[in-house]
Amino acid sequence: MGCRKVLTLERLQQIRKEHRPILEARVGEAGNADINEDGSIVLNGDYYKKQVRIALKNCGIINPLMIEDYIAVDGYSALANILFNKSSGEIIDDMMASNLRGRGGAGFPTGRKWNEAFKYDADQKFMICNADEGDPGAFMDRSILENDPHSVLEGMAIGGYAVGADKGFIYVRAEYPIAVKRLRTAIEQAKELGILGNNILGTGFSFDIELRLGSGAFVCGEGTALIESIEGKRGMPRTKIHRTAHKGLWQKPTIINNVETYANVPVIFQKGVDWFRSIGTEKSPGTKVFSLVGKVQNAGLVEVPMGTPLREIVYDIGGGVQDGKGFKAVQTGGPSGGCIPAHLIDTPVDFESLGKIGSIMGSGGMVVMDEDTCMVDVARFFLEFTVDESCGKCVPCREGTKRMLEILERIVSGHGEDGDIELMEDLSETISKASLCGLGQTASNPVVTTIKYFRDEYEAHINEKKCPSGSCRPLIKYFITEACIGCTRCAKSCPVDSCITGKVKERHVINQDVCIKCGTCYEVCPVKPVKAVVKG
Amino acid sequence: MEFVFDKEKNKEKIESFKMFIQDHREIPGALMPVLQEAQELFGYLPREIMQLISRTLKIPMAEIYGVATFYSQFSFIPKGKNIISVCLGTACYVKGAQAILEEIETILGIKAGSTTLDLKFSIDSTRCVGDCSLAPVIVINDDVYAKVTKNKVKELIEKYRNGV
């Protein structure tokens, strides 16, 4: 290799020039993307055509293991331009003008956050990237980290220059081994090239990034818990006496932004604030990446302008509900979010609109539910998650969520009592108001929204001991009708010894006293078109 | 029950771990990366290793224990070479899964959630694995065994003990 040359702006531009044709040739050969006249490369196919990709723009196009690929799509050009032509104050002004809001869930304006740390005088400041994506069913950040790691590094370096930090940490969960590996490679390559490290591009600005791994604690996605974890302690949230932008990691001014937020930063400086503000809504400019999963035809990552109606995401891009079933609800925001019922499907997806109907944007999980999904059981599922992941610091969260889960478990097993709904509403309020961090404050959202929009389902479980969706096992009954042909298949596959009885070629009978409602008889019944075993 | 951490057998690993600590002792917040390395290297956090961490990083054992218990990826007992999961879903339960579990516990001399001293087996009890018509079901490593009986359990354990 010889001795390492200092990276200059000319050298960076030369790499871009040399590598661009190689990338274009490869894209042409693969045939999965089109090169537009303005030089942008976009994935082809209807699924992608309906999206506007900013944070995901390079995903699936560049090779994440080659820094030259990233440079060939104008990567690191924003950082270089800023280092030569802009002051810290100007970047802060641009960020505030862009009104980029935190994509981790809370939607706090990034520019304002940066400004707090910028103004605060300290000998050392830190940039942290929160890559502890933990919502069940969400994988937006993983996709960016695995497919376009350099965009996150560039965003962090720009932030570091703006607030005056020379050190960054990426806190990534250990459950993402590929993301960890690719980030490691990306950081090494960036240091090797000289776009990270000391005296970047000869401008005197230094910025270094270190990886830190989580160890399986969901609550570490909360900013102050994450900081505690990097400091080598139990990941429990701090009392919010100080802003982390003033006193964060090791009591120094610290900026924590989410992966997707950082991925947006270089693009804003490449294409300008006005361009960014022309996408999305007035109060929530830009795009948001959603992980569209559940009972939807085309599951996957979807990036659309803020304010896109839910209907467009679920039907036009997602292709609607699977197997021709009826659409029941969309759950947004993971365990902190809520369920949005079918009649609100025209709600525009932005921070304000989702907040108004009791849900949240969250980090971007979007789970589609069909008519077979029991909303009480959904609430129970999310609460079970929160109970497992509550760190135990605040009593209302630690004890309250547990008590709520017990009530829900009682309801789905057919032992719900009059007054349970009111008791849960009461508990929800206390837990939300008296918990220190977002986990506790939002833990009851899945319960509150399902009670609000699907109260009848709760009442059916409690009063009639019935599950309208036919999914809560203890509340289901199986019968064999006159259509039974006496094939004995059900009796043979029933796991209980004296449950199904009957002679060959005669109607069989299920003994309700011993039936465990496993549904095996229903599944094996060969009678067509309507099965002889019915669920009720 | 205590697992004896074989220092002789783990000599090389211990040496490499000592070097890791030396390389990381100066970095702020070193405890997490150090514990993660220990978990990765030894498969769990042996007491002797935690004491080594405590001495080198000058962090009290109580604090290390506090941190290690907070995160679900750290374990204080090693996982066995073969992991037996017994389904305790309703269907398996009525088909005698509890008796199957007890039989396995008796044969191996350990309770569910723990590991045999020779590190050959761990037992877990799981929720419904969705194979109700084949109840009772046990899963060993990635292999599913249906309609398991007490006699079959004995055979299976012998089979895996001898390395399939």
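**Buried elements of chain A**

With a relative accessibility of 1%, A:Ser229 counts as buried (buried means under 20% relative accessible area, exposed over 50%, partly exposed in between, with a 1.4 Å probe and protein chains only). The model is a predicted one, in which local features need pLDDT of at least 70, side-chain atom pairs count only at pLDDT 80 or more, and totals for chains, interfaces and linings use all residues. Residues are numbered from 1 along each chain as its sequence is written, chains are lettered from A and ligands numbered from 1 in the order in which they are written, and side-chain values use heavy atoms, with hydrogens and water left out.

A:Ser229 sits in helix 10 (residues 223-230) of chain A; helices (H or I, at least four residues) and strands (E, at least two) are DSSP runs, numbered from the N terminus. Leaving aside residues up to four places away in sequence, A:Ser229 touches A:Tyr171 and A:Cys220, plus B:Met32 and B:Tyr71 from chain B (contact: heavy atoms within 4.5 Å).

Strand 3 (residues 126-131) of chain A is largely enclosed by the rest of the structure, because six of its six residues are buried. A:Phe126, A:Ile128 and A:Asn130 point one way, while A:Met127, A:Cys129 and A:Ala131 point the other. A:Met127 has bridge partners in both, namely A:Gly168 in strand 4 and A:Ile255 in strand 6.

Key:
Pairing = 2+ DSSP bridges.
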